[in-house]
Amino acid sequence: MGEFSHKPVLLREVLTGLDIRPDGVYADGTLGGGGHAEAILERIPNGTYIAVDQDPEALAAATARLAPFGDRLRVFRANYEQLPDILRREAPKGADGILLDLGVSSYQLDSPERGFSYRADGPLDMRMDPDGPVTAADIVNTESQETITKILRDYGEEKFAAVIARNIVSAREKAPIETTGQLTDIVRRSIPRKAQAGEGHPAKRTFQALRIAANRELDVLEQTLDGLIDVLAPGGRLAVITFHSLEDRIVKNAFRTAEHPCICPPSFPVCTCGRVSKGKVITRKPILPSEEELAENRRAASAKLRIFQKAPGSGFDAPVYGTLYPKGTKIKHLPDGTIELIVPEE
Ligand SMILES: C[S@@+](CC[C@H](N)C(=O)[O-])C[C@H]1O[C@@H](n2cnc3c(N)ncnc32)[C@H](O)[C@@H]1O
């Protein structure tokens, strides 16, 4: 079993970005080893930290580490897709900040029996929630060759997806693929030797793809971001750390839509769709780790942090309906989520 020695990624940037208040309510959808949690709890002597993780081993380790904070910490075993409901119950006035630090922890990667690692042999599992319905072995042993190709291509951006999928299907006809070692061997045989040089471990992309599929990682992210914004208190912030381009794109698009939800054609003088901005993206570009952090933590290499701030007050004003504006009036969406009407001169 690995150690929970996970170094919190982009820690300084998260602490600044969440603009922590000593009496605030903060939430964490990916508690892991509790690294970010500990640093935030140290800064909220009169506050509350509500945290979930779907991995009971992570929860046990984090709960022990964070015991000195007493009942300022409330922990639940759950997928973060349930966090909006948990927060509605536990923090009815809303959260001042919410953190998602996506992906697997070093601990999970370093525990061969969890099946995330292509470097050590173990059962081909990869479930972050050990009671989850689908393992990586289920996918490679039961899905069609087309589906496996698509998973490897879409989630792993694997150039040799079709060859790997074909070799998986021919291998499983002889015997089920049950271990990480078996899968790594198949991947090695599928990628030309020349292409294996210099691009990290040849099985890295295949393992990433199967992990994302087994844990529904992208679906959960896409379906939950908006709900998390909804349970922020006015002025509260949602910070999300991603580790690959597909996740980052989902966060970027969800934040942009939350800021500018209006779908009226640009020629409409006033907004009639009724969609109201929920706040603003406060990171126009993602925040990346410093050189210093990169030098001491390999896991930070692909990390990107984006932050959304909920509108202060009760929300941005909805556009006025039924008001007549002169022909040619244009709507300009301002970065703070409000709109400005540009009325043509008489
Ligand atoms: C990168 S680690 C978090 C590390 C943590 N921020 C720290 O500083 O120690 C990610 C954790 O999130 C959990 N996780 C990933 N996706 C999840 C989800 N959808 N719901 C709940 N927990 C999830 C994993 O089990 C893992 O423990």
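Alanine 51 has valine 75 of strand E3 as its bridge partner. The model here is a predicted one, so to speak of local features a pLDDT of at least 70 is needed, side-chain atom pairs count only at pLDDT 80 or more, and totals for chains, interfaces and linings use all residues. Residues are numbered from 1 along each chain as its sequence is written.

That bridge belongs to a parallel pairing of strand E2 (residues 48-53) with strand E3 (residues 73-77), which runs over 5 bridges. Strands pair here if DSSP finds at least two bridges between them; strands (E, at least two residues) and helices (H or I, at least four) are DSSP runs, numbered from the N terminus.

Next comes a helix pair. Packed helices in general are described by the angle between their axes and the distance between the axes. For helix H12 (residues 217-230) and helix H13 (residues 245-259), the axes come within 10 Å and cross at roughly 30 degrees. Axes are lines fitted to C-alpha atoms, for helices over the stretch in contact, with angles running from 0 to 180 degrees between N-to-C directions. H12 is therefore roughly parallel to H13, a label for angles under 35 degrees. On the H12 side the contact is made by Leu218, Leu221, Glu222, Leu225, Asp226 and Ile229, and on the H13 side by Leu246, Glu247, Ile250, Val251, Ala254 and Ala258. Contact is taken as C-beta atoms, placed from the backbone, lying within 7 Å.

Glycine 156 sits in helix H7 (residues 145-156). It is buried because 24 other C-beta atoms lie within 10 Å; the cut-offs are 20 or more for buried, 12 or fewer for exposed, and partly exposed in between, with C-beta atoms placed from the backbone. Leaving aside residues up to four places away in sequence, glycine 156 touches Arg205, Thr206, Gln208 and Ala209. The C-alpha atoms of glycine 156 and threonine 206 are 5.9 Å apart, though 50 residues separate the two along the chain.

Finally, some backbone angles. Most residues other than glycine have a negative phi. Aspartate 19, in the loop between helix H1 (11-17) and strand E1 (25-28), has a positive phi, near 50 degrees. Arginine 216, in the loop between helix H11 (204-214) and H12, likewise has a positive phi near 50 degrees. Aspartate 19 counts as partly exposed because it has 16 C-beta neighbours inside 10 Å.

Methods
Contact = placed C-beta atoms within 7 Å. Parallel < 35°, antiparallel > 145°, perpendicular 65-115°, else oblique.
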